[in-house]
Amino acid sequence: MSSRLPTGGTRLDRSRPVTISIDGQDVPAFVGDTLASALLGSDVRLVSAGIYSGRPRGVMGVGAEESNAFVQVTSGPGEPMVRATELEVHEGLSVERIAGRGWLPEGIDHTRYDKVWAHCEVLVVGGGEAGVTAALEAAARGVRVVVCDDRPALTDARAGELVSHPDVRVLTRTTVVGAHDHHHLVAVERRTDHLGDDAPPDVARRRLWHVKAAEVVLATGTQERPLVFPDNDRPGVMLAGAAATYVRRYGVLPGHRGVVWVAHDDGLADAVALADAGVELLVVADVRTTVTPALADALAERGVPLVLGAEVVGTDGDDDGFLYRVHLRGPDGVVVHDVDLLAVSGGLNPAVQLWSQAGGKLAWSTEAAGFVPAAPPPDAAYPLSVVGSALTGATGAVTAPATFFCGDVDDADAARVYLDPQRDATLADVRHAHLAGLTSVEHVKRFTTIGTASDQGRGFGVLTVGVLAQVLGRPVTEVGTTTYRPPYTPLPFGLLAGRDRGALSDPVRVTAMHDRHLAAGVPLEDVGQWKRPWYFPQRGESMHDAVLRECRAVREDVGMMDASTLGKIVCHGADVGEMLDRVYTGLMSSLKVGKVRYGVMCSPDGMVADDGTVARLSDDEWLLTTTTGNAASVLDTLEEWQQTEWPDLDARFTSVTEQWAVVALAGPRSRDVLAGLAPDLDVSAEGFAFMEWRDATVAGLPVRVMRISFSGELAYELHVPAAWGGALWDAVASAGGVTPYGTETMHVLRAEKGYPIVGQDTDGTVTPVDLGMAWAISPKKVREGRDFVGARSLVRDESNRPDRRHLVGLVPVDGSTAIAEGSQLVDAGADLAAVPVPMHGHVTSAYASVALGTPFALALLDGGRDRLGEELDAVDLRVPVRVRVTEPVPYDPEGERRDG
C-alpha cells in the first residue's frame with residue numbers, strides 16, 4: 001500500500017522518478033526524496049533494529065535528531081551508519097538494514113574528499129528566516145558573508161536575493177559540525193552524495209570547510225523533543241513535527257489512521273496539518289489543560305476530537321512488532337485506539353550545540369520548556385550571537401508549552417521506555433544509575449550510554465535530563481545538560497584525511513638539489529618527510545664499498561653533503577638571548593655576533609629532546625639549527641613556552657628550513673676548496689675560527705658560511721637561499737676532487753666522533769650527563785641558580801644514579817665481526833636459553849669504519865662509564881658477538897683534526 005500523496009512535496013521533482021533498494025527490495029522514489037521519505041512513501045516501516053534488543057525500529061524524525069533509522073549504504077563506495085532521514089536518494093542507491101552498528105566496506109575507499117579554507121567577516125549558520133535576515137543585514141554593511149545550511153536549498157522567500165548578492169557565499173547541504181577557538185569553525189559540505197553514479201568524477205564527494213570568521217551568527221533553529229512511555233520505540237511512533245514535514249516536503253502520509261499526543265502549540269498545529277493531508281486522526285491529546293483556542297477550533301472544524309490533560313501510557317504491536325494500538329489515559333480513563341501512526345511532541349529544543357561548543361552557557365527556560373542560550377562564552381575572542389528560534393525555542397506559541405517528559409511508569413514497564421533507542425537504553429537504566437548512587441547527568445550518561453550514539457543526544461538528550469530530574473526529585477535547572485562536543489554530526493575519517501592519503505598521506509619534502517641527486521641515480525633515504533641522498537655509488541659499487549670510499553674521502557681529502565634538511569629557525573626580538581637561556585642547557589645570551597654555539601634542549605623531565613647550533617646574526621636576530629626530524633617540534637616548543645609561560649619576553653620565531661639550502665664541505669682539504677670558491681674570504685685558522693660564521697660570495701653566490709663540523713674534520717656549512725641551492729651544489733662539485741657523500745657516511749663519521757643522534761642514540765630516558773655531555777650544561781647557570789627547562793629534573797637523585805645507562809663505545813673482540821644495531825647487551829657467555837636473560841643495555845648505532853680499521857658501535861649501557869674494558873655479548877636474533885666496552889669517542893678524541 002502506497003502512502004505517497006498524488007500531489008505536493010516541496011522537495012520532490014516528480015518528473016524524475018528513481019529506483020532504490022533496501023535489502024534487495026526495490027522501492028520507487030523521486031529526486032528530492034530522502035531514504036526515509038521514500039520508504040514511508042512505499043509504506044516500508046521497518047528500517048533497522050535495536051542493537052541489543054533486536055526490536056524493530058522505524059523512522060521517527062526528519063533530520064539530524066533521528067535516533068532510530070540508520071542503514072548501511074552498499075552502493076558506490078559504501079558507507080556505514082548513515083541516517084536515513086539525511087540520505088538523499090539517487091538512481092541505484094542500495095542500502096541494507098542494520099541493528100545498531102554498521103561495518104566498514106571492504107577494499108580501499110577511493111572517494112575523493114577535499115578541504116577548503118575560507119575567511120569572512122560574518123558566518124551565519126542556518127538558512128531559515130532568521131538566518132537569511134541576519135545574512136542580508138551583514139551583507140548590507142559591505143562585508144563578506146558565508147551562509148551554511150544543511151538542506152538542499154534555502155526556502156525563504158528572500159533566498160534568491162541572498163544567493164545573488166556579490167558579497168555572500170551560500171553553502172547548501174553543508175552542516176557546521178564544530179565551533180573552535182580562534183574564530184575557527186568546521187563544516188561538512190555534501191557535494192555529490194545525492195548524484196550517485198551521475199556525479200562528475202572530478203568533483204569531490206564531500207568537502208571539509210575550515211572557516212575563519214570575525215563574527216558568527218547562529219540561526220540553527222530547534223529540534224523536536226519526543227515524549228516517552230512503555231513501548232515508545234515501535235515503527236509507527238513518530239515526532240509530530242516530523243510527520244507533518246513528511247507531508248509538506250515529500251508528499252508522504254506517515255500513516256493513515258493515527259493519534260497525536262503533544263505538549264505545546266506547535267504540536268497541535270502539526271496535528272491540523274496531518275488532518276488536512278488526509279490522515280484520519282482518531283484523537284489529539286495534549287498534556288496541558290489549557291490550549292490556544294484558535295488551534296482547538298481548527299481541530300474541531302476538521303472533526304478531530306481534542307482531549308486535554310491526557311497522556312499515552314503504552315502501545316501494542318502486531319506480529320512484526322509494528323504499532324497498531326495506542327493506550328491513551330484521559331480524564332475518563334484509558335481508551336484504546338487502533339492506529340498505524342502515533343505522532344508525539346514534547347517540545348522544541350533550541351539547537352544550542354555550537355553555542356555550547358564555543359563555551360556559551362545554557363539556562364532552563366520555563367517559557368520555552370527547554371534549555372536556551374544564556375551567558376556568552378567567557379573571554380570570547382569574537383562576537384557570537386544567536387537569533388530566531390534557536391534563541392527562544394518556541395515559535396510564536398500563544399499558550400505556554402508544558403514541561404512534561406514522562407508519566408508515572410511502574411518498574412515492571414520501565415525497561416520498555418526507551419530513552420535512547422540507538423543504544424537500547426531505557427528508563428530502567430536511569431533508575432539503576434540512581435540506585436547506584438549516580439546523580440550527575442554526566443555520570444548517568446556514561447553509566448547508561450544515553451546520548452553516546454551517533455545522534456549525540458539530539459533526539460532524547462534533553463528529555464533524559466528531564467526524566468533524571470524526575471527520578472532525583474530535583475528541578476531541571478539543577479540537573480543541567482551534558483557537555484556538547486564536536487562534531488555536531490558524525491563525519492568519516494576519509495573526509496578528515498581529504499587527499500592526504502596514499503602518496504599524499506605524508507608530505508614528501510625535497511631539497512633544492514633534489515633534481516641533481518635524481519639525475520645522478522642516487523639512492524634516497526626517507527628521513528622523516530625528507531628524501532635525502534643515502535650514498536653515491538659508482539658503477540658496480542655496493543653500498544658497503546661506497547660508504548667506505550666516501551668515509552675515506554672525508555677523512556683523507558674532502559667531501560660534500562646536501563645538509564639542507566637541517567631544521568632552521570630564525571629568532572627576532574630583544575629578549576631572544578634570555579629565551580634561549582631558558583630552553584637550552586647552555587648559556588646563549590653571552591654569544592657575540594658572528595659566533596656560533598652548540599646547544600642541547602631538554603624536556604621538563606630533564607631528558608634530551610634535541611640538539612643543534614645557535615648563531616647570533618645581529619643584536620636581535622639569531623639562527624637556530626635543529627635535527628632534521630625535530631625541526632617542527634622544536635619550533636612548537638619555543639612557541640608554547642613563549643606564549644604560555646613567558647609572554648613578557650620579546651621573542652618571535654620563524655621556520656626557514658625550506659628557505660635555505662645547505663652544502664656541508666668537510667675534510668682536510670676543505671679549506672683549500674673554499675678558498676678557491678671564495679677568494680675574498682679569509683679562510684685561515686686565525687681569520688675564520690671554529691664556531692664562527694661569515695657572509696661571503698662563494699662561486700658568485702651570496703652565502704652564509706659557518707665553520708661547523710659534524711664529522712670531526714675541518715668543515716664548513718655553506719648556507720644559500722634555496723633558489724640558488726642547485727647552483728651552489730654544482731659549483732662545489734666542480735671545484736675538483738670533491739667527493740659527494742650521503743646520510744650513511746654522515747652517520748659513520750659522526751659516530752666515530754661519538755656525536756649522538758637524538759632519537760637514535762637517545763630514547764627519551766637519556767640526560768645530557770648520560771651522553772657524557774655534562775659540559776653542555778652551563779656551570780654559570782648552575783652556580784647562579786638560573787632556571788632552564790629540565791634543570792630541576794637534572795638534579796634529582798634519579799637523574800644521577802651511577803648505574804644509569806651511559807653512552808659508550810663498543811668494538812668486536814675479534815676485530816672483524818659486525819655488530820648489529822638494536823643488539824641487546826648481556827653478560828659474556830650468558831646462557832641465552834635461560835629465561836629471563838639479564839640485559840644491561842642495547843646498541844644504538846653500529847657501522848664499519850675505515851678510519852678505525854674495525855667495526856664499532858655506540859650503545860647505552862647500565863653504569864657504562866665504570867665498565868670500560870669489560871667484555872659483553874651483543875645479541876641479535878639469538879646470535880652473540882663478543883664486544884669490548886670503550887670510550888664513546890673512538891676517533892681523534894683530542895679533536896686535533898677539527899682545525900685541519
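Let me begin with R474, which is partly exposed at a relative accessible area of 32%, a class lying between buried, under 20%, and exposed, over 50%, with a 1.4 Å probe and protein chains only. R474 forms a salt bridge with E478, their closest N and O atoms being 3.5 Å apart, where a salt bridge is a side-chain nitrogen of Lys or Arg within 4 Å of a carboxyl oxygen of Asp or Glu.

Please keep in mind that this is a predicted model, in which local features need pLDDT of at least 70 and side-chain atom pairs count only at pLDDT 80 or more, while totals for chains, interfaces and linings use all residues. Residues are numbered from 1 along each chain as its sequence is written, and side-chain values use heavy atoms, with hydrogens and water left out.

The structure holds 65 salt bridges. In one of them R57 pairs with D424, the closest N and O atoms being 2.7 Å apart, and because R57 lies in strand β4 and D424 in the loop between β27 and β28, the pair ties together parts that are 367 residues apart in sequence; strands are DSSP runs of E, at least two residues long, and helices runs of H or I, at least four, numbered from the N terminus. Both R57 and D424 are buried.

D114 forms a salt bridge with R499, with the closest N and O atoms 2.5 Å apart. Here D114 is buried, with a relative accessible area of 11%, whereas R499, at 41%, counts as partly exposed.
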